[in-house]
Every structure is written in structure tokens, then in C-alpha cells.
Amino acid sequence: MKKELTTEQKITRRTLISFSVFILAAILFVLGWKWLNNAPKEQPGATAGLRSPVRKVLDGNETLFRKVFSDKNLVKTYPKSAAARNVRVNGNVGLKQPVDTINWRLKVLKNNGDTLRITMADIRKLPKTELIFDFKCIEGWSQVTHWGGVKLIDFVSYYHLEKEAAMEYISLVTPDQQYYVGIDMASALHPQTLLCYEMNDKELPLNQGYPLRLIIPVKYGIKSLKRIGTLSFSKERPKDYWAERGYDYYSGL
Amino acid sequence: MKHIREKHSLAIRWFHWINFPVLAIMIWSGILIYWANDEYHITIAGNRFLVFFPEWFYKTFKISFRLAEGMSWHFMFMWLFAINGFLYVLYTIISGEWRLLVPGRRSFKEAWQVLLHDLHIRKTVPPQKKYNAAQRIAYTAIIVMGLGSLITGLAIHKPVQFNWLVYLCGGYSLARLEHFALTIGYVLFFLVHIIQVILAGWNNFRSVITGFEVVDSPGSSTGNPLTKIQTQKPSNEEGTNN
């Protein structure tokens, strides 16, 4: 027969066991954290800059969000009086060269290899939509701003881009190719996504992307590319300026 | 005579110790995010006496220009924070332990007595079961705060999908401020918690790792035999602090 432990022995025994497990768990946690911080960097592609497992979680979040969330939610809109007069300017990548106003064309690359070259006059002929919403920057600030332009979905149907729109992603690139974004098609065709040429009822200023920019309220501002040069469509994720710098590709709100 | 008295169940101990590093990572990555738009400060009558955060703080902890990194950690560990918190609440409900945690009608009055006692102003020990009134309030408040962090966090992370949450929080920028204020709340809680744990001593600290406390009972002739036998139900006993 085993002799029963005294209280003192029981205390020592249980304390030892519990603290061993505790210290072991703490060590495992620290090792896990170190591993995560030293895990191989992701293969640079449409996204870059993060540790591979971390990027996998962000991409997993996107998959989950896109599955459970609706693309039909409308962004809250405001009366004109709520719109800011001094609109914040953040970033000028892709805007450094002068704009050739006379020869300016929006290039749209079609699936069959054709390229549409569309003038601003043609774009202005399409039905205009105005949008006053709380523009949200990934930095954490937001501002109610007033924009005008053509809904991307209207543009797509006017130029018969249905086949292209059946693909997964849309890509926008500035004329100098310095700034570029990729957007999932559902968000691009959201009824509040605009090819925008007006701000506060006036032509877009140069620093806001004159003559044509994107306004996509279901994404952080990083996706609202200023000064669109080329619009194209793809099955795979197009390259994306900020996703290459460690940000979430989806960046959906 | 010394004997062992069970205090914290294994589940509670795991929830507690998982939450600690996860919350630490959430706070740290949250600061990396906050840096990109560090607009909060406390100003009274024109005097700015607290700035979140001063330049030396960012420098010391190497906070600057790490927004993307901060976001990636934040949106990775948010799952652990939420799941661990959810399981903890579920556990306290199923086990019935919530009864020892949720403040009762008298708790707010008693909490005052606890405070006076802790500050050595009042001699008599206020009544308590596993937790005293102040602890009940604190440990319940921290869970409500956790829920608040999830709600305000969701509101600023997905404001289009959860526009009703944004509304509930009083708007997008207010939701961000609330999310930040709650974090400051955790830090304050942590400071008080650490001080209390240090003051309560080794026996108390050990119990959150081992699960038991060692109590001294008077000799068998005068002691209540019940307190010796009861090793499973801490709820029926007079507990020590923390």
C-alpha cells in the first residue's frame, strides 16, 4: 500500500507540477512568438512585406468576410451641407508628372486585346451620380466629402464590358504607373463606386486626381486611386501598391 | 493546521493566462495602429496635460511607421482575444461561477468598505465569498470592457458591414475614441491588479497557477469542521483577497 501524502507534500507536489506546466506554456508561447516573427517572408507578388503565416491569416480573414458579408450594404450618405470645404490631401504617388489635358484618354484593356481610349467628354455624357459620404483613411481619420462622377457599374454596362466584369478583379494604374490598385469585382461594381471627376461640384483639383479618379466607399482610401490611366480586368489579384507594402489586400470596410 | 483549499478551476486559470499575452499583443499592435493618427490628448481649460503619445514614447518603444505591421498583428490576434473571452464567459455561465463574479445589490456599498479597508482606513474586513465586492465589480467590468472592445473594434474595422454598430457607438470617430479609451482602461486595470496581487502575497498568486490556496485552520477543538472538509466548493467559504 502506498502511503498517503501529507498536506505539506501535496502542496509541494501540486505547486511543482502546476508551475512546470506554467513555465513550459510560457516558453512555448515565447518560442511561438519568435517563430512567427522570424517566419519566412511571403513570396512577393500582388502582396508583399509580411511574414507568410501572418499574410495567410489576413487572406483567410478576407475569404471569411467575403463569404459572410453582403456586397449590397450601402455606405451611409450625408447632406451636402455636411461635406468638408477643405478636403484633406493624403499622398501624391502617381501624380508627379503633368497632365496632358487635350490628349488625355482613359485606357480600358478588353479581354479580346482591344484597348478603348475614352475621352473625359465621353465619360461626362454618362449619367452622373453624386455621393457625400465619410471617406475613411487607413491611417484612422475620416472626413465627410462630396464627389461626383459615373458609377463604375454604369460605365461597365455602357461600354459593354460584361465579359470583363465577369472576371475576379479590376486593376487601376496611374498614367506613370507609379500607383496601382487591385479591387475585387464585387466591391468595384458596388453601386456607390464611382469614376469620379468632380469634388464639391467642381472639377477635381490636381492633387485629388484630375481629371479622373476612383471613389470606392466600401474600401479604405488607399484603394481610391487618383488619376486613373489604365483600367483592366483579371482573374488573379492585380498588383497593389499598398498590399506590396504589408497592408491587407482586401482593405474592405 | 495547514490544508489545501481549491480556489480557481483549471479552465479559469487557462483563460486568465491565455488572455494575458494575447491582450498584450493587442495593445501593442493597437499602439502601432494608433500612431498613424495620434490625435488624442487630455486638455482642460486650455492646458494640454496629457498627450497620447509624446515623441519619446514612440521612440523608446519603436512605434513609428509600423501601421501595416500593427494592423496585421491586430487582425490576427483579435480572433484569439475574442474566442478566449467568449469561452470564458460561456464557462462562467455553465459552471455557475458567474454567481461569484457578478456584483449584487449590496456590492457597490460594500466595494466602498473594501476600498477603505485596503487603504487601511477601516479595520473590519468586509464580507466576501470567493471575491469581495470590489473584485466582483472589477472582474465583471473588465469583461464588459472586453465586449466593448469587440463592439467598437468591429465598428471601426467594418463600418459598412456593421453600420448599426457604428450608430450604437455614436459614430465612426467616436467608436475609435472609445476603442482607445477602453485600452487605456485595461492598462489602468493592469496597474491596480498588479499592485493588489503583490499586496495579497504569494499564497494568492500561487492559486492562479496551481488552483489552490493554503489556509491555516485553528486546532481541531475550536475549528469549524466544515471548513476543513470543504475543498471543492470555494463558494461556501470565506476567501482571502484576490
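The legends below describe a predicted model.

View 1. Leaving aside residues up to four places away in sequence, B:Tyr40 touches B:Phe52, B:Leu177 and B:Phe180. In sequence, B:Tyr40 and B:Phe180 are 140 residues apart, yet their C-alpha atoms are 9.0 Å apart in space.

**View 2. Packing of helix α1 against helix α3 in chain B.** Helix α1(B) comprises residues 10-34, and helix α3(B) comprises residues 67-95. Their axes come within 8 Å and cross at roughly 155 degrees. Since angles over 145 degrees count as roughly antiparallel, α1(B) and α3(B) are therefore roughly antiparallel to each other. The crossing of these two helices is left-handed. Classified by residue type, the contact of α1(B) with α3(B) has 19 nonpolar, six polar and one charged residues.

**View 3. Packing of helix α6 against helix α8 in chain B.** The axes of α6(B), residues 133-157, and α8(B), residues 172-200, come within 9 Å and cross at roughly 150 degrees. The two helices are therefore roughly antiparallel to each other, and α6(B) passes α8(B) in a left-handed crossing. From α6(B), the residues making the contact are B:Ile142, B:Met145, B:Gly148, B:Ser149, B:Thr152, B:Gly153, B:Ala155 and B:Ile156. Facing them from α8(B) are B:Tyr172, B:Ala175, B:Arg176, B:Glu178, B:His179, B:Leu182, B:Gly185, B:Tyr186 and B:Phe189. By class, the contact of α6(B) with α8(B) has nine nonpolar, six polar and two charged residues.

**View 4. Secondary structure of chain B, with ten helices and four strands.** Starting at the N terminus, the elements run β-α-β-β-α-α-α-α-α-α-α-α-β-α. Chain B has 242 residues, of which 24% count as buried. Of the contacts in chain B between residues at least 6 apart in sequence, 67% join residues at least 24 apart.

**View 5. The contact between chain A and chain B.** Chain A contributes 31 residues to the contact, and chain B contributes 28 residues. On the side of chain A that touches chain B, at least two residues each come from α1 (7-38), α2 (52-68) and β3 (129-136). Helix α1(A) supplies the largest share of that side, nine residues. By class, the side of chain A that touches chain B has 14 nonpolar, nine polar and eight charged residues.

**View 6. Secondary structure and extent of chain A, with six helices and ten strands.** The radius of gyration of chain A is 25 Å, well over the 18 Å that the globule rule gives for 253 residues, so chain A is more spread out than a compact globule. Its C-alpha trace spans about 100 × 45 × 35 Å along the principal axes. Of the 253 residues of chain A, 34% count as buried. Among contacts in chain A between residues at least 6 apart in sequence, 67% join residues at least 24 apart.

Technical notes: Residues numbered from 1 in each chain as written. Chains lettered and ligands numbered in written order. Predicted model: local features only at pLDDT ≥ 70, side-chain atom pairs only at ≥ 80, totals over all residues. Axes fitted to C-alpha atoms, helices over the stretch in contact; angles between N-to-C directions. Parallel < 35°, antiparallel > 145°, perpendicular 65-115°, else oblique. Left-handed = near helix turned anticlockwise from the far one by under 90°. Nonpolar A, V, L, I, M, F, W, Y, C, P; charged D, E, K, R; others polar. Contact = placed C-beta atoms within 7 Å. Buried ≥ 20, exposed ≤ 12 C-beta atoms within 10 Å, placed from the backbone. Rg over C-alpha atoms; globule rule 2.2 N^0.38 Å.
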